[in-house]
Amino acid sequence: MTPDRWRQVEALYHEALTRKGEAQAAFLAEACVGDVALRREVESLLAQVTSGPLATGGAAAFVSDPRNASVVGRRFGVYQIQALLGTGGMGEVYKAGDTRLGRDVALKILPRVFTSDPDRLARFEREARLLAALNHPHIATIHGLEESDGVRALVMEFVEGPTLADRIAKGAVPISEALAIARQIAEALEAAHEKGIVHRDLKPANIKFTREGAVKVLDFGLAKATPVNHEDTDSLSASSMTHEGMILGTAAYMSPEQARGLRVDTRTDIWAFGCVLYEMLVGRAAFARGSVFDTIAAVLERNPDWQTLPPNTTPALRRLVERCLEKDLRKRRRDIGDIRSELDEPMLQTVLGPSPAAAASRTHAMRAAIVGAVVMLLVALGVALGIRSFNNNNAAIAISGVGRFTIRWKEKRWREANRH
């Protein structure tokens, strides 16, 4: 199978997983119209999730129908399943009780299509050990990798609280709050990148708030170990990168290179970080469209609508988001640590006026005030000069009057003296 063909199959597979029963069949019929072989390939992948030697009973029940209420209450090794938390292309996530240690965990059952390949499974197990070594206050801890009846699951820290997606659903996040959230996300990614780990599926649904309001980045289930130095993407080792032709992640937050099935590095997380920051500021996703194909097309070919950013977005903040969402890897921001530092800079956090119109109005008013002040100064100066001229004239008149009075007084005294 060619890489292009595999990308098509993989994209359809992930999209079909979001549908069940008749809706899934109708989707495949429409998406694969005229291409029977394509539909057969996708259905064979879907069948691996819902069938196989363990399709009935045991742990396989967890992947046979994740929406089935009977799953709740079953056991997966020492874990008692309590509730379904979410589903996706990389498995189903459940809240479970650890009967051995007496704590709640998040249990992610991995799909059989992901674990049936021995080489891929071996790589995943190595990377799971790397992820388990991540210890950061803004990263949900991975406790381990468990197996039951041939089905594997990641055991992760259970974070009780709303997701960032829940918060954004209520409307755009104010700039100051969005920057505080973004800073914590950046700290989490920085810790992972320093260990050579790329998340690859960062999105609002994978970011939660604890009861104390702290951010926790979840679901490093798609994470990949990669060399930290990414000066030359083509030189990256295929053994530590995503295989070309394989699409993993969520379409609306995929980087262009990820959507093309190319090798990825830490810059794919920076792209997703830019998507998340844009979505917080605007209240809607930058690239999401009606279907996965339209969404990927938007990621590859279109830019976000920058006019939808809040009017009081600073130029520095807009430039940061734009640089994170550069389609050209050479122009995209390269280090999440630098972004985290930049989020603390005053120029990024200073909030501008409420709108361009209001700013123009204030500029006009300021100019009018300056002109008015100048006019008043000129009038005052004119008045002052007039008063000075008036006083000088009066002084001259007074002096002239005093002179005439003196002459008259002297003449009077002379006449009186000569009278006698």
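**Exercise 1. Which residues have the most contacts inside the largest nonpolar core, and how many residues does that core have?**

Solution. The structure is a predicted model, in which local features need pLDDT of at least 70 and side-chain atom pairs count only at pLDDT 80 or more, while totals for chains, interfaces and linings use all residues. Residues are numbered from 1 along each chain as its sequence is written, and side-chain values use heavy atoms, with hydrogens and water left out.

Start from the definition: a nonpolar core is a set of buried Ala, Val, Leu, Ile, Met, Phe, Trp, Tyr and Cys residues joined through side-chain atoms within 4.5 Å, where buried means under 20% relative accessible area, exposed over 50%, and partly exposed in between (1.4 Å probe, protein chains only). The largest such core has 60 residues, and those with the most contacts inside it are Leu164, Ile185, Leu202, Phe220, Phe273, Leu277 and Met280. Next, take Met280: leaving aside residues up to four places away in sequence, Met280 touches Leu164, Ile168, Ala172, Val173, Ala178, Ile181 and Ala182, a contact being heavy atoms within 4.5 Å. A second, separate core has 12 residues, including Tyr13 and Leu45.

**Exercise 2. Describe the length and the covering of helix α8.**

Solution. Helices (H or I, at least four residues) and strands (E, at least two) are DSSP runs, numbered from the N terminus. Helix α8 comprises residues 175-194, 20 residues in total, and reaches 28 Å from its first C-alpha to its last. The expected span, 1.5 Å times one less than the number of residues, is 28 Å, to which the computed reach is close. As for covering, 15 of the 20 residues of α8 are buried. Just after α8, Gly196 takes a positive phi of about 75°.

**Exercise 3. Why is strand β4 largely enclosed, and which strand is joined to it by bridges?**

Solution. Strand β4 (residues 103-109) is largely enclosed by the rest of the structure because 5 of its 7 residues are buried. Its partner is strand β6 (residues 151-157), which runs antiparallel to β4 and is joined to it by 5 bridges; two strands pair if DSSP finds at least two bridges between them.

**Exercise 4. Is Glu342 buried or exposed?**

Solution. First locate Glu342, which is found in helix α13 (residues 336-342). Glu342 counts as buried because its relative accessibility is 17%. Finally, the side chain of Glu342 makes a polar contact with the side chain of Arg333 at 2.7 Å.

Notes:
A polar contact is a pair of N or O atoms within 3.5 Å; within protein, one must be able to donate a hydrogen and the other to accept it, and residues adjacent in sequence count only if both atoms are side-chain atoms.
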